[in-house]
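Q: Please take a close look at one part of this structure. I would like to follow a single sheet and what surrounds it.

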Amino acid sequence: VGNVYRVVLNANGGAFEGDAGTKEITVTFGTPYGDLAAPTRSGKGFVGWFTDPEGGTEVLADTVVVAAGDHILYARWVDLIVIGNDVFSFVPVVTTYMKGVSVPANIIQNEAYAGPEGFTFEYRMQNDPNAAFDAPVGAGTYDLVVKRPGDNVYAPFEYRYEGVVII
């Protein structure tokens, strides 16, 4: 059995649960590191663990421990990409009310934002802004609330496009 060592995971400006800036794990020389917790940092995406704060070698869960002693791994961060409100545009849809007929918005995604996926779309009536609909069906003016959760590449996105459907 190999020697067991202490490894400090330094969040490098980020934090683990409970706002801790570091977390300790134990590893065995000659075996893989195993699961490495991922910290979070506002406005940043977690890239991975490295042997040095700048540069160094990336360490993954399946990386074999070759450091013969206690050591530190440093979190690496990148700035999150902010999605602009111009990610979508709309050609307003104006139509006459027909009972039970839904009228979706004419959504155009900006080609500059072809990468991010996972957007959700929720219609809101302007005269009742808290009532959410999958699609406009009744007479009124509808806004469209578009959301996307943040991840390690993109910042969270939420924007309300006004007057996209008028019935």
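A: What follows looks at the open sheet, then at one residue in it, the core and the salt bridges.

This is a predicted model. Five strands form the open sheet, in the order S7-S12-S11-S9-S10. The pairing is mixed. Strands of a sheet can pair in a parallel or an antiparallel way, through backbone hydrogen bonds. Strand S7 (93-94) and strand S10 (128-133) stand at the edges. Each has a single partner strand, so one side of each has no neighbour in the sheet.

Now look at S9 and S11. These two strands pair in the antiparallel sense, over six bridges. Across this pairing, Met125 stands opposite Tyr142 in S11.

Arg124 also lies in strand S9. Is Arg124 buried or exposed? The cut-off for buried is under 20% relative accessible area. Arg124 has 16% relative accessibility, so it counts as buried. The side chain of Arg124 makes a polar contact with the side chain of Glu122, at 2.4 Å. Leaving out residues up to four places away in sequence, Arg124 touches several others, including Pro129, Asn130, Thr141, Tyr142 and Arg160.

Next comes the core. The largest nonpolar core has 20 residues. Val87, Tyr161, Val164 and Val165 have the most contacts inside it. Strand S6 (88-91), strand S9 (120-125), strand S11 (141-148) and strand S12 (157-166) each give two or more residues to this core. S12 gives the most, with four residues. Take Tyr161 as an example. Neighbours within four places in sequence aside, Tyr161 is in contact with Asn85, Val87, Phe88, Phe90, Asp143, Leu144 and Val146.

Last, the charged pairs. Side chains of opposite charge can pair when their charged atoms come close. The whole structure holds six salt bridges. One of them joins Arg6 and Glu24, with the closest N and O atoms 2.8 Å apart. Arg6 is in strand S1 (residues 4-10) and Glu24 is in strand S2 (residues 22-28), so the pair links parts of the chain 18 residues apart. Arg6 is partly exposed, at 36% relative accessible area, and Glu24 is exposed, at 52%. Arg6 also meets Asp70 in a salt bridge, at 4.0 Å from N to O. Asp70 sits in the loop between strand S4 (58-59) and strand S5 (71-79), 64 residues from Arg6.

Notes
Residues numbered from 1 in each chain as written. Predicted model: local features only at pLDDT ≥ 70, side-chain atom pairs only at ≥ 80, totals over all residues. Heavy atoms only, no water. Core = buried A, V, L, I, M, F, W, Y, C linked by side-chain atoms within 4.5 Å. Buried < 20%, exposed > 50% of the residue type's maximum accessible area, 1.4 Å probe, protein only. Contact = heavy atoms within 4.5 Å. Polar contact = N/O pair within 3.5 Å; in protein donor to acceptor, adjacent residues only side chain to side chain. Pairing = 2+ DSSP bridges. Salt bridge = Lys/Arg side-chain N within 4 Å of Asp/Glu carboxyl O.
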